[in-house]
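Grab the viewer and follow along with this short report. We'll go through strands, charges and surfaces one at a time.

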Amino acid sequence: MKKDILDRYDKNDNGELIIKISAKRVEDIYNDFDKESSFLKKDLNEELVEYIIDSVKELSNENFIIEFYFKEKITENEITKIKNSIHKFFNYLTELERKNMKEQIKNSLIFMAIGVFFTAMAIIFGEHNDNVVQEVISEGLMVAGWVSLWESLATFLIKWLPYTKKLKLFNRIIQAPVKCS
């Protein structure tokens with residue numbers, strides 16, 4: 001199956017797979033909402049970003065380049081701007097992803113603190129439970145503590161992986177050569 005996927009891409013003389021992107025004009029690769037911004041501050045077209053990300057996911061660990069083809073003639077200055085735009089935009093996405101990771105860590109630590117607090121309260125209530133009401137409260141606190149601790153651990157054990165995968169993917173795109181024809 002993987003060979004079939006890789007056969008969809010052309011290779012250059014160095015054996016690198018080529019992610020080909022065609023557009024009529026340079027402006028077509030940018031978001032329409034920020035037409036007045038300079039090239040380096042513009043967001044890339046969402047469909048373009050999705051296409052690049054999906055292509056790199058398909059390529060797995062294969063070496064690749066990103067090559068743009070424009071129907072209109074482009075200048076050396078525009079080529080430089082395109083290369084910088086691609087790298088800067090994916091650097092921006094990397095920073096957003098790191099920010100999300102930090103937020104997850106913060107939330108995880110809060111859940112852990114709450115879980116430890118509730119579990120400690122459950123133990124304290126459990127030692128002095130003279131009646132059924134105190135026992136129910138103690139058990140409820142213990143359940144709440146374990147649920148909160150589980151949420152904290154789930155962040156580290158389960159939710160962390162997608163963030164690291166995205167960061168690796170964005171880093172591969174940032175490091176990829178960008179060419180224009």
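## Strands side by side

Strand β2 (residues 17–23) and strand β3 run parallel, and seven bridges join them. To see one of these pairings, look for Ile18: its bridge partner in β3 is Ile65. Keep in mind as you click around that this is a predicted model.

Now stay with β3 and look for its other neighbour. Three bridges join β3 to strand β4 (residues 178–180), and this pair runs parallel too. Here you can pick out Phe68, whose bridge partner in β4 is Cys180. So how covered is β3 itself, given that buried means under 20% relative accessible area? Strand β3 spans residues 64–70, and six of its seven residues are buried, leaving the strand mostly covered.

## Charges that pair up

Side chains of opposite charge can pair when their charged atoms come close. How many salt bridges does the structure hold? There are six. One of them joins Asp10 and Lys20, with the closest N and O atoms 2.4 Å apart. This pair links distant parts of the chain, with Asp10 in strand β1 (residues 10–11) and Lys20 in strand β2, ten residues apart. Asp10 counts as partly exposed because its relative accessibility is 39%. Lys20 is partly exposed as well, with a relative accessible area of 35%.

Next, find Asp28 and Arg25, whose side chains meet in a salt bridge at 3.0 Å, N to O. Asp28 has a relative accessible area of 31%, so it is partly exposed. Arg25 has 34%, which makes it partly exposed. Then there's Lys159, whose side chain meets that of Glu151 in another salt bridge, at 2.6 Å from N to O. Lys159 is partly exposed at a relative accessible area of 33%, and Glu151 counts as partly exposed at 26% relative accessibility. Some of the salt bridges share partners: Arg25, Glu27 and Asp28 are joined into one network that way.

## A charged residue that's tucked away

Now for Glu97, which you'll find in helix α3 (residues 76–127). Is Glu97 buried or exposed, and which side chain of opposite charge is nearest? Glu97 is buried, yet it has no salt bridge. The nearest side chain of opposite charge belongs to Lys166, 4.0 Å away.

What does Glu97 touch, if you leave out residues up to four places away in sequence? Its contacts are Tyr163, Lys166, Leu167 and Phe170.

## A nonpolar patch on the surface

Finally, turn to the outside of the model. Leu109, Trp150, Leu153, Phe156, Leu157 and Ile158 form a nonpolar patch on the surface. Together they have about 630 Å² of accessible area. Where does the largest share of this patch come from? Helix α4 (residues 132–175) supplies it, with five residues.

Ile158 is a handy one to zoom in on, and it's found in helix α4. Why does Ile158 count as exposed? The cut-off for exposed is over 50%, and Ile158 has 52% relative accessibility, so it counts as exposed.

Notes. Residues are numbered from 1 along each chain as its sequence is written. This is a predicted model: local features need pLDDT of at least 70, side-chain atom pairs count only at pLDDT 80 or more; totals for chains, interfaces and linings use all residues. Side-chain values use heavy atoms; hydrogens and water are left out. Helices (H or I, at least four residues) and strands (E, at least two) are DSSP runs, numbered from the N terminus. Buried means under 20% relative accessible area, exposed over 50%, partly exposed in between (1.4 Å probe, protein chains only). Lys and Arg count as positive and Asp and Glu as negative; His and the chain ends are not counted. Contact means heavy atoms within 4.5 Å. Patches are made of residues with over 30% relative accessible area and no salt bridge: like charges are joined within 9 Å, nonpolar side chains (Val, Leu, Ile, Met, Phe, Trp, Tyr) within 5 Å. Accessible areas come from the Shrake-Rupley method with a 1.4 Å probe; for residues, only the protein chains shown count as cover. Two strands pair if DSSP finds at least two bridges between them.
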